[in-house]
Amino acid sequence: LNLPVSAHPKIRAMADRLVSHPDDRSTLSVWAKRLALSERSLARVMLRETGLTFGRWRQQLHLIIALQELASGVSVQNVAAKLGYESVNAFITMFKKTMGTTPAHYFAERQTAAR
């Protein structure tokens, strides 16, 4: 997984906030207002600076955090809560869509491969 970052001050400010508060579920529209940009301008700058849409960038951030937390033994329930998901099922669905398997199977496959 790759999480591109940007030196653009507004994108950097948003990224820093989301890294420190991954449960912030603010929409692109809300972020645009916070950063004094139009939603369309923020979307363009985000794509130009990172190569990803805002939604995809945040999803990548969540996956990286989730993998780190899960690998260190944090429960799926606690990871889902830390990332601001309304339910464990919503988190597992996002994980499965992106990684192709559930968190439990993902780590079980890694353990088997390591042996």
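Helix H1 meets helix H4 through Met 14, Ala 15, Leu 18 and Val 19 on the H1 side, with Phe 54, Trp 57 and Leu 61 answering from H4. Sorted by type, the residues of this contact are seven nonpolar, no polar and no charged. Please keep in mind that this is a predicted model, with an average pLDDT of 95 over the protein chain.

**How H1 and H4 cross**
- Two packed helices are described by the angle between their axes and the distance between the axes.
- Here H1 spans residues 9-20 and H4 spans residues 54-71, and their axes cross at roughly 35°.
- Those two axes come within 11 Å, and the crossing is right-handed.

- In soluble globular proteins, nonpolar side chains tend to be buried together.
- The largest nonpolar core of this model holds 29 residues, and Met 14, Trp 57 and Phe 91 have the most contacts inside it.
- Two or more residues come from each of H1, H2, H3 (39-50), H4, H5 (76-82) and H6 (88-99).
- H4 is the top contributor to this core, giving eight residues.

**A closer look at Trp 57**

**Confidence along the chain**
- A pLDDT of at least 70 is reached by 100% of the residues.
- Among the elements, helix H2 (residues 28-34) has the highest mean pLDDT, at 98, while helix H7 (residues 103-114) has the lowest, at 88.

Notes. Residues numbered from 1 in each chain as written. Predicted model: local features only at pLDDT ≥ 70, side-chain atom pairs only at ≥ 80, totals over all residues. Heavy atoms only, no water. pLDDT = per-residue confidence, 0-100. Helix = DSSP H or I, 4+ residues; strand = E, 2+ residues; numbered from the N terminus. Axes fitted to C-alpha atoms, helices over the stretch in contact; angles between N-to-C directions. Left-handed = near helix turned anticlockwise from the far one by under 90°. Contact = heavy atoms within 4.5 Å. Nonpolar A, V, L, I, M, F, W, Y, C, P; charged D, E, K, R; others polar. Core = buried A, V, L, I, M, F, W, Y, C linked by side-chain atoms within 4.5 Å. Buried < 20%, exposed > 50% of the residue type's maximum accessible area, 1.4 Å probe, protein only.
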